[in-house]
Amino acid sequence: MLSRETIRELSKIVGRRHCRTDPEDLICYGYDATDLRYNPEAVVFPADVQEIVGIVRLANEIPFYLIPRGAGSGMSGGSLPVRGGVVLGLSRMNRILSIDPENMVAVVEPGVVTGHLQDKLAEQGLFYPPDPASLAFCTIGGNVAECAGGARALKYGVTKDYVIGLEAVLASGELVKTGVQTAKGVVGYDLTKLLVGSEGTLAIITKVVLKLLPQPESRRTLMAVFNRLSEAVETVTKIIKAGLLPSALEFMDQRSIQCVEEYLQIGLPRDAGALLLIEVDGVREGVVRHAEEIRTLCLGQGARQVDVAANEEEAETLWQARRAVSPALFKLNPHKVSEDIAVPRSRIPDIVAKLEEIGERFRLIILCFGHAGDGNVHVNIMLNRNDADEVARTEQAVNEIFQATLALGGTLSGEHGIGITKIPYLGMEIDKLGLEAMRRIKKAFDPRGILNPGKIFLDSD
Amino acid sequence: MLKQFEISQELERCSRCGSCMAVCPVYRETGEEGMVARGKLSLIEANQRGELHQSRKFQELMEACLLCSGCVHQCANSVRVDKIIQWQRSRLRRDGKAGWTASLAASTLEAVGKWPTLVSQAGSLAQALFCKKIPAESGLQLRFSLAVLSQRRYVPKLSASPFLAQLPVNRLGSGPRVGLFVGCVGNYIATEVSEATVELLRRGGFQVVIPAEQRCCGMAAWASGDVATASILAQHNSEVFLKSGCQWIVSACGTCTTQLSVRMPELLEQTAPNEARFLSQKSMDLMAFLTRQLGPEKLGQMVKSPGSLKLSYHDPCHLRYHQGIFREPRQLLSLLSEIHVAELSDTQQCCGHGGLFNVSNYRLSNQINARRMAQVEKVGPEVLATGCMGCLLQLQEGNWRHGLGLTVCHLAEVLMGRVAR
């Protein structure tokens, strides 16, 4: 429990308006996109790094738990105050500090909304590629903490590929700078990469240096419709093998298509077994040629229809469909267990077949869609949490899905992180020694265990 | 009106994904979870479970919503946030926990139900100070009475006499009969819009019927949770128009048509199913009515060009989100070849009006409006047109406050070539 004295100290640091303990605020900062709830004891909204230093020092001294939070849009519970403590809301630190077109670098605060940054950059012909489906409201800070991915990972990589430097407050309250502002840099250990994806357990990120690219001159989106899911996923490997590197290569299975169509009514083929959404980008002539080559290839693989978006508006409608999948699935059942396994892309047909088999065996609605191009498959089990039997079957199914994934050389989470929802399975992928090494790192960074407790590891690991 | 169990079901359908954050105008300004739909729904749910009282803060957060429904439109589960918030406001009212603006609103509005009198003290004070010409039963009373209390500096000029009182006859022209729902702004302030609307309909080949006994649409009452008053107004207005023998009810105000075609049928569903059906099928926004009833040739003959000018159109939330009307105004504008339509960068940005919201959350309303006006300034039109009387007042105020010097008017005026620059 936080003492009155501690609350008073926190108020002194951030100002009374920005230190909240009303029950309304505790409720509103106790959830994220997992729809799980844990109320914090207080919520503070620091204005700058100095205030964060003050807060962390206090947390280390008293001590109390600190849980950094961007937009609360995470899919694995990374920002949930599972053990109470103080939520550190970074929404006020939302300034784009600099955009440097000559060196292709941007420096931003953690609370900047990813989509807003991309819009600002686009005005100057610059490009920050990572595009999680939540980009219209998630923040760069959250993206960095969870190492968010997105559809463009296939060609452009994920958040960690663009973070070249950080400023962060350590658990001791000391301010560190990591990394560089240059294209290259090998001085010392790469602490930047260590902090990216550390889910707020090692330090509080206060500034992010991002590498940028020029905006591609042209983009083109295609939609290929297949009668069978297996045809679609086999086409994916063929496209990559042919040396065509799309900027995005997404798939949706039949039930995903039907859910989205019911929601958006944009004329997706309800009877299709699967569809591929493909985006190519680059110089105009190359884009036209590659789109045509992909179209021909899809038709050769048995696609019954391939549409090329005629303009940006049509393309946006198709991408809207893809982004709507995750939320639209709730039409099937009130709750979902959402996993984002990744396998080597050549094994996608194997994992998809396995998922179908598991779904049938456990009598569960399992849908899959996602980033076919990079092997990151979003597996969604739609269930009713009030049905104890269904919950038990889901747990067994998830276990088997993870086993199958690892057997195919895959990983438990491509881009959502472990948070709290995948904690029980961490040991399936990381062996004892690996876990021990991670624990020692955590201990070295945060000896008193004040930063985002209860995440990634089980206490008994 | 949602029932208790429907509310619980509706609340359950929010998965807290956060996509409402991308569109909520109030969240955009404040960055606070309690301001956005998923936060408000979490609070209502906590209150339902008995974990949270209807505190002062709770009540304030419930008031801090424009009911624009941008979030409903965005939500993959189409959670009816607008209905849930309205339901909660009616709860607050029932339990005597409504805020001062809502209770002031409610007390002046109650007068409507029990014509002719019973004006609350605050209401009559404000009326004495300011708006002798606006009777207590008008939803507009709120905006101006509170203009005094909130030190609002911009107050639009009232018409010398209300539009409904100016009419020599209430039946104009010949052809299929259309009932004109004038609305409070169209009656007391922007009478020129009502005139342009009548002329448009007549040139379109319709007989325009304007029942003088029509009253406020009741949106302000409904939005503040005063279901009783909204129901009385729904009953009264529907009877008046049914009696007039019109085939359709048309209004130039997006807010009024939302109330007429969406809310009133809900309110009357049980008690007056015939009226409910009539309203939901036959009441329509002016622009949608014209484009659906008339062919391109007839439309072309109907409009008069205001000459060459650069114009931007502001989408009212009540048209775009509540009625799905955004193509029709653009289709009509395209009939005027001399007009260059310059689209605003964000076609979804709210003007900040939100009815009572602009009284209870005056500063926030101005902040939202400032964002809108900055977008307008960037595009730099000569004329800013819209299709809702609430937006019209708000945009006029914004134009004045930010010194943009634009002509802010209703689309009906543009289509009648009446744009005074």
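Four strands of chain A form an open sheet with mixed pairing, in the order 1-2-4-3. Strands here are DSSP runs of E, at least two residues long, and helices are runs of H or I, at least four residues long, both numbered from the N terminus. Two strands pair if DSSP finds at least two bridges between them.

This is a predicted model: local features need pLDDT of at least 70, side-chain atom pairs count only at pLDDT 80 or more, and totals for chains, interfaces and linings use all residues. Residues are numbered from 1 along each chain as its sequence is written, and chains are lettered from A in the order in which they are written.

**The sheet of chain A**
- Strand 1 (19–20) and strand 3 (66–69) are the edge strands, and each pairs on one side only.
- Strand 3 runs parallel to strand 4 (residues 86–89), and four bridges join them.
- A:Arg69 stands opposite A:Gly89, which is in strand 4.
- Helix 3 (residues 49–61) packs on the sheet and touches strand 2 (42–44), strand 3 and strand 4.
- The direction of helix 3 makes about 150° with that of strand 3 (axes are lines fitted to C-alpha atoms, for helices over the stretch in contact; angles run from 0 to 180 degrees between N-to-C directions).

**Domains of chain A**
- An automatic or database assignment sets the domain bounds.
- Chain A is divided into domain 1 (4–89), domain 2 (96–214) and domain 3 (218–407).
- The C-alpha centres of domain 1 and domain 3 lie 37 Å apart.

**Where chain B meets chain A**
- 22 residues of chain B are in contact with 25 residues of chain A (contact: C-beta atoms, placed from the backbone, lie within 7 Å).
- Helix 3 (37–48) of chain B supplies four residues to this side of chain B, the largest share.

Terms used:
Two residues are in contact if their C-beta atoms, placed from the backbone, lie within 7 Å.
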